[in-house]
Amino acid sequence: MDISNERKKALKQAYKEKAAEEELHRRIRNLDDFRRLWKELVPATGPADFLQGELLRAVENLRDESCRNGNRNFGLRHLEQCRLLRDTLNNWPDFTSDARNTYGRLIDQIEAAGLNSIEYEHLSARERRSYKKPTDCTDQVIYDLLLVTFTDFALHHTEKIPFVGYPKVKLPAPPPLSPSGLMENWVKELFHKYCKPLGYKRDGTNFRLIQSDGLGKIINFQRNQYNTVQSCSFTINVGVYFEKTSALKNLKFKEYECLARSRPRLFAPDPWWTIEAGKPFEAIWLDLKKNFSEAVLPWFDRFPSKQDTLEALVEDLAQGHISMPVYIANRLTAYGYGLKLLPILKSERFLRKNPRHTQNIAQLIKQIETDL
């Protein structure tokens, strides 16, 4: 393995307080010896037959996992490799007390970053955004220092030491899922069980279905803005969306942009579920699944197509069974459906139900009649 001038400078800086100039040159030359030893002792795949080769292989495996892969696959074998390096430092008389402390801290730094990465993978997306611990160790000097040290070890022990296997290590138990993490797992499970077979696409906590006639359907899981690490409340919003054109241009439409919206739930006035840390959650999960399959999905049965949705909205406006009726009427008019709304807007019932919007209704009627 060749070493760049930048790496040589970094090594020199790392050793400048501990080694004389000739020692620096010797250690840098050892990196060239490493390439020769690698060819002799390290197989193309699998562990080496001898300890000297496996020590070099362990350092390079740890470097590759952290620097190239960001420790995303850090696992049991990498922990075993850290333990092998540490045990070799502690159990062989080649290393001084000072060397054991110095290089032991470097190995601890690599291992700590890997354990942080394992912890990170068990967090929810929201918790990951605020995670501050380092999940990788990308300082090349750390691995170079370890490589020089174990190359020295291999050069000193010319007799080949059989490698008998890695020391036994247990992966730490993953931390329990936070309420927010549990909610995200539930969202994924509901999507794969109920919505993916129907053609929905998941975007975070939104499930969208876009039909060929230009009707869009959305299921949105909304968190409470006052959630904490110990508590997570959420509800389910649903809506249908369409535009003036026959094909949707806004493929990432939001639930609040929909013309028909609701929060369906069975047998309860409160549409929120709350998960609290340390408290049983099985009953909440069962209730959520029941509501999702028997209330949320059936809500869309009334809107099988864009034309049916339009007729349902016009009927709700006529009957007064829709929130923000003037806003919905404006949206429908902008989409070219004003002619269907004209009799409703002129009716006494609609005017009586919306006394605060009389002026807006008059302007909307005038706009529709002008466009005819």
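The side chain of Asp 144 makes a polar contact with the side chain of Arg 63 at 3.1 Å; a polar contact is a pair of N or O atoms within 3.5 Å, where, within protein, one must be able to donate a hydrogen and the other to accept it, and residues adjacent in sequence count only if both atoms are side-chain atoms. The model is predicted, so local features need pLDDT of at least 70 and side-chain atom pairs count only at pLDDT 80 or more, while totals for chains, interfaces and linings use all residues. Residues are numbered from 1 along each chain as its sequence is written, and side-chain values use heavy atoms, with hydrogens and water left out.

Asp 144 belongs to helix 7, residues 140–156; helices (H or I, at least four residues) and strands (E, at least two) are DSSP runs, numbered from the N terminus. With a relative accessible area of 0%, Asp 144 is buried, a word that means under 20% relative accessible area, with exposed over 50% and partly exposed in between (1.4 Å probe, protein chains only).

Aromatic rings come next. A pair of aromatic rings is described by the distance of the centres and the angle of the planes. In the whole structure, a search finds 16 aromatic pairs; rings of Phe, Tyr and Trp (its six-membered ring) pair if their centres lie within 6.5 Å, and planes under 30 degrees apart count as stacked, over 60 as edge-to-face and the rest as tilted. The pair of Phe 95 and Phe 153 is stacked because the ring centres are 5.8 Å apart and the planes are at 15°. This pair links distant parts of the chain, 58 residues apart: Phe 95 is in the loop between helix 4 (76–91) and helix 5 (97–121), and Phe 153 is in helix 7. Phe 95 counts as buried at 9% relative accessibility, and Phe 153 is buried with a relative accessible area of 2%.

Phe 221 and Phe 292 are also stacked, since their ring centres lie 6.2 Å apart and their planes are at 15°. Phe 221 lies in strand 3 (residues 216–223) and Phe 292 in helix 9 (residues 282–299), so the pair ties together parts that are 71 residues apart in sequence. Phe 221 counts as buried at 2% relative accessibility, as does Phe 292 at 0%. Together with Phe 191, Tyr 194 and Phe 207, Phe 221 and Phe 292 form one aromatic cluster.
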